[in-house]
Structure formats: structure tokens, C-alpha cells
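Trainee: I would like to learn how to read pockets in a model. Please take me through this one.

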Amino acid sequence: MNELDEVVHKASVEFVQALTPADLENAKARYLGKSGVMTDLMRGLAALGPEDKKSRGAQINKAKQAIEAALNDRRQALADLELQTQLQAEALDVTLPGRQRGVGGLHPVSLTLERIEALFSTMGFDVADGPEIETDWFNFTALNTPADHPARSMHDTFYVEGGSAEAPNLLRTHTSPMQIRHAVQHVKRYCGDESGLFKGPMPEIRVIAPGRTYRVDSDATHSPMFHQCEGLWIGQDVSFKDLKYVFTDFCRTFFESDDLVLRFRPSFFPFTEPSAEIDIQFQQGPLAGKWLEVAGSGQVHPNVIRNMGLDPEIFVGFAFGMGPDRLTMLRYGVNDLRLFFDGDLRFLSQFQ
Ligand code: DAH
């Protein structure tokens, strides 16, 4: 190996040993830089005669080209290596299962509300919606519950701005105010300019009003916000018998249980007379044989009929108020009401 071949060999080895682009540039400087080996050799040409200069110059150039070729090879190799490292770091495992986009679903209580609406619709009931912030009049007074009535104390609620000092507005404690709101609108449509209590004629009022209600109450079976669904049927020939038929039919269909037994237990509500709590009893399953309270009900009180703008000598009817949260718990076997309002997907996704 002559001296120039040796230089080329040494340079190639140093290039290959360079592990980073910066190392490689330093190695390059040692051979091709201003005071590098090859530059020194070129300078040495000055001392030679013309013939020697020519042949030696050609040899040096050849060696220089070989060094440059080795340098370029190494540059390319380092660049390839870097690209590979980067690709590995950002590697995509295309065999991983894709992230699934969750399919949303209705909340169990919403499922119950939809079911209630569908079932009552088949019996000719309209569905009405009303405000959650109520006046004292609609929530209490119009429902035969004057300011000093003891029944009010069972409806402790959240009072809000608006109304008067003696009768501030409030978050409705039940859906019963919708009885008045809906009936008043209905009556207005048929009474024309007549003043006083309307005597008809008028199509029957048949409506349910589901929605949120509020009370100062919180434990495993009570939540400060809960749902109710009001029912109202007013006509000239509507009796307690119809209430029994309608509610029994509803419960048996809702729970898909033909042998479900209902009990109308005498009770008191200011807005109905007579009044009854409605209890149900399953004949099968884990709750079989137990009486479970699901609704309040009764014959609408004449004072309430009056506040609807109707003549109580002519119009009669029944009303009921049930708890869709409770119905949902019974239907699905849920034992803590608070689960419905925690927003825990492990619980909620079981109802899809
Ligand atoms: N509003 C009553 C409550 O929240 C439930 C109720 C009872 C509604 C009797 C009615 C009814 O329509 O007739 O306790």
C-alpha cells in the first residue's frame, strides 16, 4: 500500500467510526479542511518539477476523490440511520385495535319517561311540558293549598328571586301545577269570550306532564332534584273507576307483568277528594309479595276544577302523580337513587 492509499484507508476508517454528523465533520476537516492532510499534500506539489507535479497531482486528486466518496457514503449512512431511529420512535402499530367511538344512549330515567309517554299516548293522553321555576299560585294556592296549609311543610323547596315577599317564586315541588297550567290553556281555547266558570262544551282534558321537580331532601331514595309525571283526565263523566282502569293498565304494560296487583290506599292530598296512594305488588321476582308505593292520586277537588276556570258542577275527573325515578329503580332493580345522578358510565352504560 503506498502512502496515498494509506491516507485514503485511514480516512475511510475514521469516517466509519464517526457516530454522529458532528464527529464526521471533524474527521472531514482532518483530511479535507484548510490544514487537513490532503491540503498539505497539495501544498507539497509546489516544490516539484512540472512532470512530477503532473503525475503526483493526478494521484493526489484521485485519492481526494476517494476520500470524498467515502465521506459521502458515511454521510448517507448516518442520515439513513437517523431516519430509521426516528421512524422507530414514532412507530405506529397498525395491528392495534382501533379506539372505539362510544355510541351514546339514553339515561335510564329518560328511557322510563319515553316509555311512560308512549304508553299514555296510546290511551289518548297529550304530553305537556311546563316551567321548573313556579309561582306560589300554581305550585300551591291554585291546588287548594293556601299559605297556612300544613301540607306545604312537606314541600320544603328552593326559593328564587321573583314573585312577592309573602309568595316568592320557587323550584316546583311537584308536577301538579301543570294540571292548572294545561287546563287553563285548554279551557281558553273553547270558552270564547265567556266570563265566569266555563260550562262547556269542550273536549275532555287528557294529559300527562313529566318533568323535573325539587325538594330539600337527600338520601338513598331521595334526591333534591327528582322526576315526577303528572296525569290528568277531566270530562263530564270521568270517575274513580276510570282512574283504576287507566293506572292498572299502565302499570301492567310498563312492567310487562299481567299479574301485577294494584292497591288504592286512602290518603290525603289537598288537591284531590277522595285521595289514594297507589301501591303495586309483583307476583314474581325478587320483590314479589311486597307492596310498593308508586303514585298519589284522587278525584280532582272542586276548588282545583274552579281554578282551572271550569264549573265543578259539570266537570269532574281524576289526577295522579307518579315518580319515574322510582319506576326506573323497580324496573331495573336499582337500589340507590343517587346512581342515576352521579354520571358514572360504568352504571349508565348497562342500560344501552
Ligand atoms: N303532587 C303530589 C306529590 O308530589 C302527588 C300527587 C298526589 C299528584 C295526588 C296528584 C294527585 O295528581 O292527584 O306528593
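Mentor: In the second largest pocket, the lining divides into five nonpolar, five polar and three charged residues. Here Ala, Val, Leu, Ile, Met, Phe, Trp, Tyr, Cys and Pro count as nonpolar, Asp, Glu, Lys and Arg as charged, and the others, Gly among them, as polar. This is a predicted model, in which local features need pLDDT of at least 70, side-chain atom pairs count only at pLDDT 80 or more, and totals for chains, interfaces and linings use all residues. Residues are numbered from 1 along each chain as its sequence is written, and side-chain values use heavy atoms, with hydrogens and water left out.

Trainee: Which residues lie nearest the centre of the second largest pocket?

Mentor: Rolling a probe the size of a water molecule over the atoms shows where empty space is left. A pocket is an open set of points on a 1 Å grid over the protein atoms alone, where a 1.4 Å probe fits, with protein on both sides within 12 Å along at least five of seven lines; lining residues have an atom within 4 Å of a point. In this case Phe282, Gln284, Pro286, Leu330 and Arg331 lie nearest the centre, out of 13 lining residues.

Trainee: What volume does the largest pocket have?

Mentor: A volume is the space filled by probe spheres set on the points, which are joined across faces, edges and corners. For the largest pocket that gives about 1,100 Å³. Its lining has 39 residues, with Arg215, Phe226, Gln228, Glu277 and Glu293 nearest the centre. By class, 15 are nonpolar, 16 polar and eight charged.
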